[in-house]
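Q: I'm new to this structure and would like a close look at one part of it. Could you walk me through how a pair of neighbouring helices meet, and then point out a few other details along the chain?

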Amino acid sequence: MKLSKRLNAVVDLMESCGKLCDIGCDHGYVSIESVLRGKARYSIAADTAKGPLDIAEKNISDAGLKDRISCILSDGFKHIPEDAGIDCVVITGMGGRLIKSILKDGADSFGGFNSISQFILGPQSEPEVLRSFLINELSLCIKKELCIEDEGKFYTLLDVRRFCGNVEVYEDHKASMGDKYGEADIMYGKYIDEASMDTYIRQLMHLKKKNLTAISMAERGSGDSAAEKIKELKYKNHLIDIKLEELDKRGI
């Protein structure tokens with residue numbers, strides 16, 4: 001079994017845990033690799049669709065891990081037992097708004113996620129919606145973000161933790177309940193892992209170019225909707241410029 005660059009990064013990012021829960025597990029690759037590498041002693045592989053879950057069960061059986069990985073048909077956390085003892089959660093391969101919805105529903109049934117020490121989240125779209133929710137509603141800390149380029153596409157992974165008291169100090173930054181995120185940070189991230197910084201800069205430049213193309217197309221239109229779209233895209237590029245200026249000041 002060979003993992004994609006994106007899924008391999010998910011497992012690399014994971015700290016050792018007792019029990020992993022992979023929400024939206026698809027074919028179970030993250031659970032299998034995590035257990036094989038010793039990152040997780042046990043894993044729950046959950047998905048809303050029976051077809052992918054059946055394939056995951058076969059893959060798990062072929063790997064000889066039926067006693068260490070269980071498959072659950074579940075929409076988010078809905079059918080995950082509250083006493084499952086989960087301490088790490090992976091949710092990737094879906095939009096930021098959907099991940100937000102899954103976490104919002106799960107927080108109500110899992111006591112605010114007090115027992116979970118690490119979340120690895122991979123929003124495929126609208127990461128700003130997820131960042132805002134994590135910081136402003138769940139009061140969680142985004143320890144760092146990884147930017148990955150895999151087969152011509154850019155992916156973002158968020159390493160999310162709980163606060164330890166009012167302040168938690170990490171090797172690369174200090175985060176507290178008062179940690180301030182500006183609009184550019186919410187939109188494009190704040191604590192970018194140094195190892196993926198070159199990829200992150202390429203992603204920002206790619207997004208800026210994409211926005212310029214969309215602006216050019218919108219300028220051919222007319223009316224309030226076209227004007228509003230142009231204004232929105234120009235503001236997004238303004239925020240990208242803020243992030244690039246920050247990096248330039250740091251000598252990156």
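**How α7 and α8 meet**

A: Let's start with the contact itself, keeping in mind that this is a predicted model. On the α7 side, the residues involved are M197, Y200, I201, L204, M205, L207, K208, N211, L212, A214, I215 and A218. Facing them from α8 are A226, K229, I230, L233, K234, K236, N237, I240, D241, K243, L244 and L247. Sort the residues of this contact by type and you get 16 nonpolar, two polar and six charged.

Now for the geometry. Helix α7 covers residues 197-218 and helix α8 covers residues 224-249. Their axes come within 9 Å and cross at roughly 160°. Anything over 145 degrees counts as roughly antiparallel, and therefore that is the label for α7 and α8. As for handedness, the crossing of α7 and α8 is left-handed.

Next, the aromatic rings. The count comes to three aromatic pairs. Take F77 and F113: their ring centres are 5.3 Å apart and their planes sit at 50°, so this pair is tilted. The two come from distant parts of the chain, 36 residues apart. F77 is in the loop between β3 (69-73) and β4 (88-94), while F113 is in the loop between α4 (96-109) and β5 (118-123). Both F77 and F113 are buried. Ring pairs also bring in F119, giving a cluster of F77, F113 and F119.

Another pair is Y181 with Y191, and this one is edge-to-face, with 6.3 Å from centre to centre and 80° between the planes. Y181 lies in the loop between β9 (174-176) and α6 (183-188), and Y191 in the loop between α6 and α7, so the pair ties together parts that are 10 residues apart in sequence.

Most residues other than glycine have a negative phi. S139 isn't a glycine, yet its phi is positive, at about 55°. You'll find S139 in the loop between α5 (127-136) and β6 (141-150), and its 29% relative accessibility makes it partly exposed. E151 isn't a glycine either, and its phi is also positive, at about 55°. E151 lies in the loop between β6 and β7 (153-161), and with 79% relative accessibility it counts as exposed.

Key. Residues are numbered from 1 along each chain as its sequence is written. This is a predicted model: local features need pLDDT of at least 70, side-chain atom pairs count only at pLDDT 80 or more; totals for chains, interfaces and linings use all residues. Side-chain values use heavy atoms; hydrogens and water are left out. Axes are lines fitted to C-alpha atoms, for helices over the stretch in contact, and angles run from 0 to 180 degrees between N-to-C directions. Helices (H or I, at least four residues) and strands (E, at least two) are DSSP runs, numbered from the N terminus. Angles under 35 degrees count as roughly parallel, over 145 as roughly antiparallel, 65 to 115 as roughly perpendicular and the rest as oblique. A crossing is left-handed if the near helix is turned anticlockwise from the far one by less than a right angle, and right-handed if clockwise. Contact means heavy atoms within 4.5 Å. Ala, Val, Leu, Ile, Met, Phe, Trp, Tyr, Cys and Pro count as nonpolar, Asp, Glu, Lys and Arg as charged, and the others, Gly among them, as polar. Rings of Phe, Tyr and Trp (its six-membered ring) pair if their centres lie within 6.5 Å; planes under 30 degrees apart count as stacked, over 60 as edge-to-face and the rest as tilted. Buried means under 20% relative accessible area, exposed over 50%, partly exposed in between (1.4 Å probe, protein chains only).
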